[in-house]
Amino acid sequence: MKIKQRYSNAKLYLIGESYGGFLTSLFSSQNIFEQILCLSSFVSINYQKLFSPEIEWLSNYLSTDSKDFYFLQEKGLVKVPITFINGKDDSQVPWQQFLPLINSIDPYIRIKLFDNYIHRETGIKLKVVIDYIDKIIPQ
């Protein structure tokens, strides 16, 4: 909260990618940021453990009582706009975990899935993602 006090007149945005996107999503329960953007981010620890090649990493580094974005959304704790930007060909973060959120009536949650995009895009595909971000963040 110190950052919000220090920059009380500023509009703060938080962006995270991959595991950083997962951590970023957890800030959606705080009223600190104007908007949160999560790129190639997972939203469900359990889904990741079942369908992602990252199971060993998740098991070794996350506490068994860790919360995830699913938990926040189910409990109605999401307080700021959050956008998840993922590729449909991302084998590390399968897009299907977003299905329960796609039809959510929560006005704060937005999902953008790019066809034929993998986990960490580069080149022209990365530029398309950046252009999308530029459109949803007010200038």
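This report walks through the sheet, the helices packed on it and the aromatic contacts of a predicted model.

**The sheet and its helices**

Let us start with the strands. Four of them form an open sheet in the order β1-β2-β3-β4, and their pairing is parallel. The edges are taken by β1 (13-17) and β4 (109-114); each has a single partner strand, so one side of each is left without a neighbour in the sheet. On average, neighbouring strands of this sheet are turned by 15° against each other, direction ignored.

Strand β2 covers residues 35-39, runs parallel to β1 and is joined to β1 by five bridges. Within this pairing, E17 has L39 of β2 as its bridge partner.

Two helices that pack on the sheet are worth a look here. Helix α2 (residues 19-26) touches β1, β2 and β3 (82-87), and its direction makes about 145° with that of β1. Helix α7 (residues 123-136) touches β2, β3 and β4, and its direction makes about 155° with that of β4.

**Aromatic pairs**

Searching the whole structure gives eight aromatic pairs.

| Ring pair | Distance between centres | Angle between planes | Geometry |
|---|---|---|---|
| F69 and F84 | 4.9 Å | 70° | edge-to-face |
| F84 and F98 | 5.5 Å | 50° | tilted |

What do these pairs connect in the chain? F69 belongs to helix α5 (residues 69-74) and F84 to strand β3, so this pair links distant parts of the chain, 15 residues apart. F98 lies in the loop between β3 and α6 (99-102), so its pair with F84 ties together parts that are 14 residues apart in sequence.

Elsewhere, ring pairs link Y19, F22 and F42 into a cluster.

**Charges over rings**

Finally, two lysines are placed over phenylalanine rings. K67 has its charged end over the ring of F71, at 5.1 Å from the ring centre. K112 lies over the face of F114, and here the distance to the ring centre is 5.0 Å.

Methods
Residues numbered from 1 in each chain as written. Predicted model: local features only at pLDDT ≥ 70, side-chain atom pairs only at ≥ 80, totals over all residues. Heavy atoms only, no water. Pairing = 2+ DSSP bridges. Helix = DSSP H or I, 4+ residues; strand = E, 2+ residues; numbered from the N terminus. Axes fitted to C-alpha atoms, helices over the stretch in contact; angles between N-to-C directions. Contact = heavy atoms within 4.5 Å. Phe/Tyr/Trp six-rings, centres within 6.5 Å; stacked < 30°, edge-to-face > 60°. Lys NZ or Arg CZ within 6 Å of the ring centre and 35° of its normal.
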